[in-house]
Amino acid sequence: MKKILGGIAMIFALGTATVNAQNAPLPQQQIEVTDSELTEFAEVFQKMRMVNQEAQQEMIQVVQEQELDLQRFNEIHQANMDPNKEAETTEAESKQYKVIVAELEEIQPQFQQRMEKLIGESNLSKERYQQLVMALQKDPELQQRLQKVLQG
C-alpha cells in the first residue's frame, strides 16, 4: 500500500517540489545551521508532513470516487509520465484517469499554498528554508542532527 501511496503522491510531489526548489541557490559547500534554525525547520517539516498526509488521503479519495483501483491508477500514471513505459487502458480507464488528474491538478495548488504559508509563519525565510532543504539532501551530518531534533 505504501508503494501505491508513493506513486499516487508523485503528482503532488512534483508540484510541491517547486515550494522547495524554486529560486533556490545551489549551495556549493556545507552551510552553517544553528540549533535554533534546525529546530524551527523541524517544526515546519513536521507540519508539512501532516499536510502531505492530508493531501495523500484526499488524492486517494479522488481516485476511489472515480472507482479506479489505486494500483491501476498508479500503473497508468507511471506509463503516462515515462515514455518508455506503456499501459494498455480501456476507454473507461482513460476517461477515469483524465478526470482524476484534472481533479488532482485542482487541489494541488491548495496544498502548495498551505505549505508556503507554513514556511511564511515560521522564523525562516523561504530562501533559508530552501537552503536547508538543499543542504539536508547533501549533508549526512546535518541529516543526523535533524533526526535527533525530530526524535525529541
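**From one residue to the whole chain**

Author: Leu68 is buried, its relative accessible area being 6%. Buried stands for under 20% relative accessible area, exposed for over 50%, and partly exposed for what lies in between, computed with a 1.4 Å probe and protein chains only. The model is predicted, so local features need pLDDT of at least 70 and side-chain atom pairs count only at pLDDT 80 or more, while totals for chains, interfaces and linings use all residues. Residues are numbered from 1 along each chain as its sequence is written, and side-chain values use heavy atoms, with hydrogens and water left out.

Reader: Where is the place of Leu68, and with which residues is Leu68 in contact?

Author: A contact means heavy atoms within 4.5 Å. Leu68 has its place in the loop between α2 and α3. Leaving aside neighbours within four places in sequence, Leu68 is in contact with Val63, Phe73, Ile76, Glu93, Gln96, Tyr97 and Ile100. One of these contacts, Ile100, is 32 residues from Leu68 in sequence and 9.1 Å away in space, C-alpha to C-alpha.

Reader: Is Glu67 buried or exposed, and what is its phi?

Author: Glu67 counts as exposed, at 70% relative accessibility. Glu67 also lies in the loop between α2 and α3. Its phi is positive, about 55°, although Glu67 is not a glycine.

Reader: How are helices and strands assigned, and how many does the protein chain have?

Author: Helices (H or I, at least four residues) and strands (E, at least two) are DSSP runs, numbered from the N terminus. The protein chain has six helices and zero strands. Along the sequence, the pattern reads α-α-α-α-α-α.

Reader: At what angle do α2 and α5 pack?

Author: Axes are lines fitted to C-alpha atoms, for helices over the stretch in contact, and angles run from 0 to 180 degrees between N-to-C directions. Angles under 35 degrees count as roughly parallel, over 145 as roughly antiparallel, 65 to 115 as roughly perpendicular and the rest as oblique. Helix α2 (residues 35–65) and helix α5 (residues 126–138) pack at about 90°, with their axes 11 Å apart. That angle makes α2 roughly perpendicular to α5. On the α2 side, the contact is made by Glu37, Phe41, Val44 and Met48; on the α5 side, by Arg128, Tyr129, Leu132, Val133 and Leu136.

Reader: Into which classes do the residues of that contact divide?

Author: Ala, Val, Leu, Ile, Met, Phe, Trp, Tyr, Cys and Pro count as nonpolar, Asp, Glu, Lys and Arg as charged, and the others, Gly among them, as polar. The contact of α2 with α5 has seven nonpolar, no polar and two charged residues. An α-helix has 3.6 residues a turn, so residues three or four places apart point the same way. The buried residues of α5 include Arg128, Leu132, Val133 and Leu136.

Reader: How do α3 and α4 pack, and which residues meet there?

Author: Helix α3 (residues 70–81) and helix α4 (residues 91–120) pack at about 80°, with their axes 11 Å apart. They are therefore roughly perpendicular to each other. Arg72, Phe73, Ile76, His77 and Asn80 of α3 meet Glu93, Tyr97, Ile100, Val101 and Leu104 of α4. By class, this contact has six nonpolar, two polar and two charged residues.

Reader: Which residues does Arg114 touch?

Author: Arg114 has its place in helix α4 and, at 33% relative accessibility, counts as partly exposed. Not counting residues up to four places away in sequence, Arg114 touches Val51 and Glu54. Arg114 and Val51 are 63 residues apart in sequence and 7.6 Å apart in space, C-alpha to C-alpha.

Reader: What share of the protein chain do buried residues make up?

Author: Buried residues make up 40% of the 152 residues in the protein chain.
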